[in-house]
Amino acid sequence: MTAVLPGRHRGRAVARLAGLRLLLGVPTVLLVAVGVFLLAAASPFRPVYQYFGVGIFSASDADIAAAERSLGLDASVGEQLLRWLGGLLTGDLGQSLSMRQPVAQVVAERLPWTLLLVTLALLVSLVLALAAGTVAAWRQGGWFDRAVTAVGHTLEGLPPFVLALGAIAVFAVAWPVLPVAGLTDAGAAPTFGQVSRHLVLPALVLGVSQTPWLVLHVRASLLASLDDDHVAGARARGLPERLVVLRHALPTALLPFVTVLGNRLPELVTGAVLVETVFSWPGIAAAVVTAALAVDFPLLAALTLLSAVAVLAGSLVADLTVLLLDPRVDADV
């Protein structure tokens with residue numbers, strides 16, 4: 001922590017922080033890329049088998065050799081690694097062996113649906129965490145505070161797929177009001193109404209699954225902020241308690257909350273994998289399961305890199321937000 005940054009230096013501090021994170025992020029992503037490739041190369045599974053599928057049993061040795069040449073699998077591991085890294089720089093992510101499509105095309109088709117799901121789930125988490133955490137801290141010791149704390153600690157140990165199955169049991173079986181699979185109804189076009197109805201349950205489940213850590217942090221951070229001197233001063237001036245909580249205590253409590261939110265991004269990505277699989281949501285996270293089950297190394301490597309970039313970007317956005325909101329924070333911390 002340093003002295004308050006003047007406004008004219010804020011842009012310079014933001015640029016310095018972004019540049020530093022970029023310098024650290026590039027080698028990190030490169031290390032992940034090399035590690036993923038080497039793990040794939042050390043695997044006992046032959047990718048060409050996944051390319052043929054069940055047809056491998058009737059394929060001749062000449063057909064298998066020709067397929068390996070066309071996929072570039074006949075070269076040494078070093079040559080394949082250099083070719084793959086060169087392809088990453090040009091946007092050529094290779095060929096998906098399970099989907100028989102370029103990996104870049106698979107990502108382009110599925111990524112928007114995952115971004116839509118994750119964005120709405122994040123909004124659900126934010127609204128629930130801020131509302132419930134603020135009221136619980138404001139009414140510390142009351143029935144609502146005890147209920148929020150108990151439910152939060154209970155949901156912390158509950159996997160997202162359990163919530164998903166519970167939501168299906170309630171809203172599709174016991175009270176069938178919402179669809180639970182796919183992007184649209186069978187044979188229907190992906191209109192706004194269709195996508196919205198099918199998005200409700202996955203977004204709610206994913207959002208609720210990420211809420212416990214956030215709501216408990218908001219509660220604890222706000223309780224600590226209520227004991228700060230500036231809050232005591234606001235009370236001493238006779239301000240209404242609602243203004244004291246919302247105008248003076250809550251903004252201070254939200255600064256560390258932004259960092260926690262950025263750190264929860266890996267869990268959000270993991271939760272999206274499970275939720276998309278349960279609800280058959282055609283996003284990029286569901287493709288992770290398909291790639292893993294099919295031993296589709298090109299697709300799995302690309303998705304792993306995409307996840308690493310998302311985590312680094314989330315951390316950077318969180319730190320930049322704190323830097324912009326709190327003038328006491330310098331880019332060196």
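I shall go from the chain as a whole to its annotated spans, and then to individual residues.

Let me state the basis first. This is a predicted model, in which local features need pLDDT of at least 70 and side-chain atom pairs count only at pLDDT 80 or more, while totals for chains, interfaces and linings use all residues. Residues are numbered from 1 along each chain as its sequence is written, and side-chain values use heavy atoms, with hydrogens and water left out.

The chain has 13 helices and two strands. Along its principal axes, the C-alpha trace spans about 85 × 55 × 35 Å.

How many of the residues count as buried? Of the 333 residues, 38% do. Buried here means under 20% relative accessible area, exposed means over 50%, and partly exposed is in between, with a 1.4 Å probe and protein chains only. The chain exposes about 17,500 Å², and carbon and sulfur atoms supply 69% of that area. The areas come from the Shrake-Rupley method with a 1.4 Å probe; for residues, only the protein chains shown count as cover.

A contact means heavy atoms within 4.5 Å. Among contacts between residues at least 6 apart in sequence, 71% join residues at least 24 apart.

I turn to the annotation. The unreviewed UniProt entry lists "transmembrane region" at residues 20-42, 113-138, 158-178, 198-216, 244-262, 268-293 and 300-325. The same record source, UniProt, places "domain: ABC transmembrane type-1" at residues 111-318, again in an unreviewed entry. Those positions are given in the numbering used here, feature names are shortened, and annotations may be inferred rather than shown by experiment.

What does the model show for these spans? Residues 20-42 are 100% helix and 0% strand, with end C-alpha atoms 34 Å apart. Residues 244-262 are also 100% helix and 0% strand, and their end C-alpha atoms lie 27 Å apart.

Next, the aromatic residues. The structure holds three aromatic pairs. Rings of Phe, Tyr and Trp (its six-membered ring) pair if their centres lie within 6.5 Å; planes under 30 degrees apart count as stacked, over 60 as edge-to-face and the rest as tilted. One of the pairs is Trp113 with Trp281, edge-to-face, at 6.3 Å centre to centre and 90 degrees between the planes. Trp113 lies in helix H5 (residues 103-138) and Trp281 in the loop between helix H11 (265-278) and H12, so this pair ties together parts that are 168 residues apart in sequence. Trp281 is buried, at a relative accessible area of 1%, whereas Trp113 is partly exposed at 25%.

Another pair is formed by Phe171 and Trp175: the ring centres are 6.0 Å apart and the planes stand at 40 degrees, so the pair is tilted. Phe171 counts as partly exposed at 28% relative accessibility, and Trp175 is exposed at 53%.

The loop between H11 and H12 also contains Ser280. Ser280 has a positive phi of about 55 degrees although it is not a glycine, and it counts as partly exposed at 44% relative accessibility. In helix H12 (residues 284-293), Ile284, Ala285, Ala286, Ala287 and Ala291 are buried. Just after H12, Val295 takes a positive phi of about 50 degrees.

Two further residues deserve a word. Ala167, in helix H7 (residues 160-174), is buried with a relative accessible area of 10%. Leaving aside residues up to four places away in sequence, Ala167 touches Ala172, Leu201 and Val205. Ala167 and Ala62 are 105 residues apart in sequence, and their C-alpha atoms are 51 Å apart in space.

Finally, Leu17 is found in helix H1 (residues 7-42). Is Leu17 buried or exposed? Leu17 is buried, with a relative accessible area of 5%. The C-alpha atoms of Leu17 and Ser70, 53 residues apart along the chain, are separated by 44 Å.

Methods:
Helices (H or I, at least four residues) and strands (E, at least two) are DSSP runs, numbered from the N terminus.
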